[in-house]
Amino acid sequence: MYQALYRKWRPRVFDDVYGQEHITSILRSEIMTGKVSHAYLFCGPRGTGKTTCAKIISKAVNCENPQNGNPCGCCPSCIAIDNGTATDVIEMDAASNNGVDNIRDLRDGIAYSPSELKYRVFIVDEVHMLSTQAFNALLKTLEEPPKYVIFILATTELQKIPATVLSRCQRFDFHRVVPAALIKRMRDVCTGEGIEATDEALALIARLSQGSFRDALQMLEFCHNGQPEVTAESAARLLGASSSETLKSLALALAGGDSVRALDIIDDVYMSSRDITVFWREFISFARDMLIYIGTRGKRTVDETAASASAYFNAAVLMRVMDVFTNTESDMLKNPMAAKLYAEMAVIRLCEKELSTDTDALLARVTTLEDKLDAIAGGETTVRTVRQTDVPQREQTAKSDEKPTAAPIAPAEPDATAEQKPKRTVTGATRKKTPIRNWVDIVRRITEKEPLLQGFIAVSSAGLSDDGKLFIDFDNQMAARMLDIGTVKHSIAEIAGAALNIKFSDNDIIANYLGPDTIEARRPIDDLIDKSKELQNMGE
């Protein structure tokens, strides 16, 4: 009779249980020393090895020739348990046997000594499904069973287990299996079964299985049926999953404000009979990978496609994308019939930024503009962003991973008809400077070394001029004079230089008093408005 892969390849010894070494090492040690508990509680997500470890324990405690805490698998006891013919190993499904009468029958059966083995092992799966009366009937027996009885309870919902039961069991928490362990196990199965599978396909299956060995092997078996080779494309098609390129295409459409392309992708998902909500969750996971990659500056390993797509975003924009997507997912769950409508509304809201006036949307727009201004101030001729014309067409999306670039920015021509403002002498306040974004962190380090500056420098701002001078702007003249006291300038030069990776001398640190005339002459917002107009003209 044919056996499913997850049953055929169920681990027979503790060494074959992947991803749960923190549990198997303790169980092996208990069996080797003979200090086996009378009751175990295994809790954790589905498919992580709870029932498997319960079966291995039942074999190990009854094995006639144990090997380093593992059952030998060759003695009559191990063979009988593997074949399911051992009458002293009782498996009970609490989901269908959850009444008090079922527990009374189990309690009455405990009175009998083992007929063939050394121990009678009771494995109760989904124990959280027992009724309150059934739990109460089990308590006394669970606390003081006969010396030849071992209880092993398994559950996926620990919060439903009464505290009186928890206190009578030795508890083990099973973790979700990391993708690397899932891929390694699936590769072993593929080698043993002669299945041809690509690494990309196994990675996709590992991601969709959400840390469950059973789900991973079932999906692998499904993808293999009738297929000469399991590829990422065939697996995505059969499992109804979205490829990384599809998710990247939607990301680029959102980054470039291409609502037409984004709506086309939603239509493709809908017409392929895939669940829009499932696709939505996949993109949230994809956006999360991009955010993690940006937030850790590439120090955390994420999906390669997500890492490349993150080049078109900044953290503020991604936070807004994820906020809109998660809120839309909640709406989809409340009204599944309107999932496509909610999805279309969300992508239009993200593509047409003028439709959103909430704080997150404005922050994302300002952050994007600041990135462009930084690129201009740094002398770059291109700005790393995505415009509508830069987004690849549908047939070219999967082939092109090049970062789009904007046209060079031409200097704005003076408007002869505009009202001319009176020219002023360029001082430290009006001189062109590059704002220092991490000035708050630098101030914190400065005040740690120079406590006297706490009340003065905390409300300052700073900018770096083209000639390498660090201008610190104060709106209080006394605060500006504080920089000339003692070694204050020297301390600022050292701390700011280390933070900005620039070598400053004491003379490079300049205190700037922003008097009323200076502030009126040129405000920081004026620079921002002028540059935004230049960028707008460039886009047109």
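Author: Strand E7 (residues 461-465) and strand E8 (residues 470-474) run antiparallel and are joined by four bridges. Before we go on, a word on the model: it is predicted, so local features need pLDDT of at least 70 and side-chain atom pairs count only at pLDDT 80 or more, while totals for chains, interfaces and linings use all residues. Residues are numbered from 1 along each chain as its sequence is written, and side-chain values use heavy atoms, with hydrogens and water left out.

The names come from DSSP runs numbered from the N terminus: helices (H or I) have at least four residues and strands (E) at least two. Two strands pair if DSSP finds at least two bridges between them.

Now widen the view. E7 and E8 belong to an open sheet of four strands in the order E6-E7-E8-E9, with mixed pairing. Strand E6 (433-435) and E9 are at the edges with a single partner strand each, so one side of each has no neighbour in the sheet. From one strand to the next, the twist averages 35°; angles here run from 0 to 180 degrees between N-to-C directions, and axes are lines fitted to C-alpha atoms, for helices over the stretch in contact.

Follow the chain back from strand E9 (509-513) and you reach the loop between H22 and E9, where Asn-501 is found. Its phi is near 60°, a positive value in a residue other than glycine. Is Asn-501 buried or exposed? It is exposed, because its relative accessible area is 72%, and exposed means over 50%, buried under 20% and partly exposed in between (1.4 Å probe, protein chains only).

Next, the helix on the other side of that loop. Helix H22 (residues 488-500) packs against helix H19 (residues 439-449) at an angle of about 145°, with the axes 10 Å apart. H19 passes H22 in a right-handed crossing; a crossing is right-handed if the near helix is turned clockwise from the far one by less than a right angle, and left-handed if anticlockwise. On the H19 side, the contact is made by Ile-442, Arg-445, Ile-446 and Lys-449, and the residues from H22 include Ile-492, Glu-494, Ile-495 and Ala-499. Contact means heavy atoms within 4.5 Å. The residues of this contact divide into seven nonpolar, one polar and three charged. Asp, Glu, Lys and Arg count as charged, Ala, Val, Leu, Ile, Met, Phe, Trp, Tyr, Cys and Pro as nonpolar, and the others, Gly among them, as polar.

For another sheet, look earlier in the chain. Five strands form an open sheet in the order E2-E3-E4-E1-E5, with parallel pairing. Its edge strands are strand E2 (89-93) and strand E5 (170-173), each pairing on one side only. Neighbouring strands are turned by 15° against each other on average, direction ignored. Strand E1 (residues 39-43) and E5 pair over four bridges in the parallel sense, and Phe-42 stands opposite Phe-172 in E5. Helix H3 (residues 50-62) packs on this sheet and touches E1, E2, strand E3 (120-125) and strand E4 (149-155), with its direction at about 175° to that of E3.

Moving along, helix H9 has Ala-201, Leu-202, Leu-204, Ile-205, Ala-206 and Ser-209 as its buried residues. What covers them includes helix H8 (179-193), H10 and H11. Gln-210 is in the loop between helix H9 (199-209) and helix H10 (213-224), and its phi is positive, near 55°. Gln-210 counts as exposed because its relative accessibility is 52%.

Our last stop is a nonpolar core, meaning a set of buried Ala, Val, Leu, Ile, Met, Phe, Trp, Tyr and Cys residues joined through side-chain atoms within 4.5 Å. The largest has 36 residues, and Leu-250, Trp-280 and Phe-325 are among those with the most contacts inside it. The elements that give two or more residues to this core include helix H12 (244-256), helix H14 (276-295) and helix H16 (315-334). H14 gives the largest share, eight residues. Leaving aside neighbours within four places in sequence, Leu-250 is in contact with Ala-262, Ile-265, Phe-279, Phe-283, Phe-325 and Val-347. Another core, of 25 residues, lies apart from the largest one, and its members include Leu-5, Met-186, Val-230 and Ala-241.
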